[in-house]
Amino acid sequence: MLLGRVTGTVTPCVVYEGLTGVPMLLVQPLSTAREPVGSCIVCCDSTRMAGPGELVYYEGGREAAMALDETFVPVDHTIIGIVDDVHVE
Amino acid sequence: MFLGIVKGEIVSTINHPFYDGRRMLVCDRIDEHGKPSGGYIIAVAAVDAGVGQRVLILDEGNGARQVLANSSGPVRSVVVGIVDAVEVET
């Protein structure tokens, strides 16, 4: 998993079946020093509670689809949780 | 698997139910000489590693689910060991 900052939302009008109603958010990947790394990605949100500005952590690959209710869906990034606090030396 | 050093921990109350009660460690990737080799990862602690310790990180979903004994868990990175020594033939 990696850290990210939610920067916006994505609202599809037509989407693959199994993904209807799954919130999709625009996330900027971050380093441990919270600096942006690379470009924004679109993540599904398994918590259904993350909003713009929040620090989250996300998983990639097959595990991203496994974090959703419908696990056989074409998803490669999913928000796993919202960070309350992260202590990094 | 690769070597890492634990830099910190994530505190999170709103997360996927699989991660309730599991420690999530922020680990920097290091090479065999202990120098950061770029990048980091947030891994679930299967062993009780603390900040500053060198650890062994498994980064593959199937193995991670077997280590954590949960066949449907959305987990890919797991801290599976605490490294005492690394000997490299030069």
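Residues are numbered from 1 along each chain as its sequence is written, and chains are lettered from A, with ligands numbered from 1, in the order in which they are written. In this predicted model local features need pLDDT of at least 70, side-chain atom pairs count only at pLDDT 80 or more, and totals for chains, interfaces and linings use all residues, while side-chain values use heavy atoms, leaving out hydrogens and water.

The predictor assigns the complex an ipTM of 0.91 and a pTM of 0.93. Chain B has a mean pLDDT of 95, with 100% of its residues at 70 or more; pLDDT is the predictor's confidence in each residue, from 0 to 100.

At the interface, 27 residues of chain B are in contact with 27 residues of chain A, contact being heavy atoms within 4.5 Å. The two chains bury about 2200 Å² between them, 58% of it on carbon and sulfur atoms. Buried area is the accessible area (1.4 Å probe) that two parts lose on being put together, summed over both. B:Ile14, B:Tyr40 and B:Ile42 supply 28% of the area that chain B buries against chain A, more than any other three residues. The rule finds one salt bridge across this interface, where a salt bridge is a side-chain nitrogen of Lys or Arg within 4 Å of a carboxyl oxygen of Asp or Glu. The side chains of B:Arg65 and A:Glu63 meet in a salt bridge at 3.0 Å, N to O.

Within chain B, β3(B) pairs in the antiparallel sense with β1 (residues 2-11) over six bridges, and with β4(B) in the antiparallel sense over six bridges. Strands are DSSP runs (E, at least two residues), numbered from the N terminus, and two of them pair if DSSP finds at least two bridges between them. B:Met24 in β3(B) stands opposite B:Ile10, and B:Leu25 has B:Ala43 in β4(B) as its bridge partner. Six of the seven residues of β3(B) are buried, so the strand is largely enclosed by the rest of the structure; buried means under 20% relative accessible area (1.4 Å probe, protein chains only).

The largest nonpolar core has 21 residues, of which A:Leu3, A:Tyr57, B:Ile10, B:Tyr19, B:Ile42 and B:Val75 touch the most other members. Such a core is a set of buried Ala, Val, Leu, Ile, Met, Phe, Trp, Tyr and Cys residues joined through side-chain atoms within 4.5 Å. β4(B) gives the most to this core, with three residues.

Notes. Buried means under 20% relative accessible area, exposed over 50%, partly exposed in between (1.4 Å probe, protein chains only). Helices (H or I, at least four residues) and strands (E, at least two) are DSSP runs, numbered from the N terminus.
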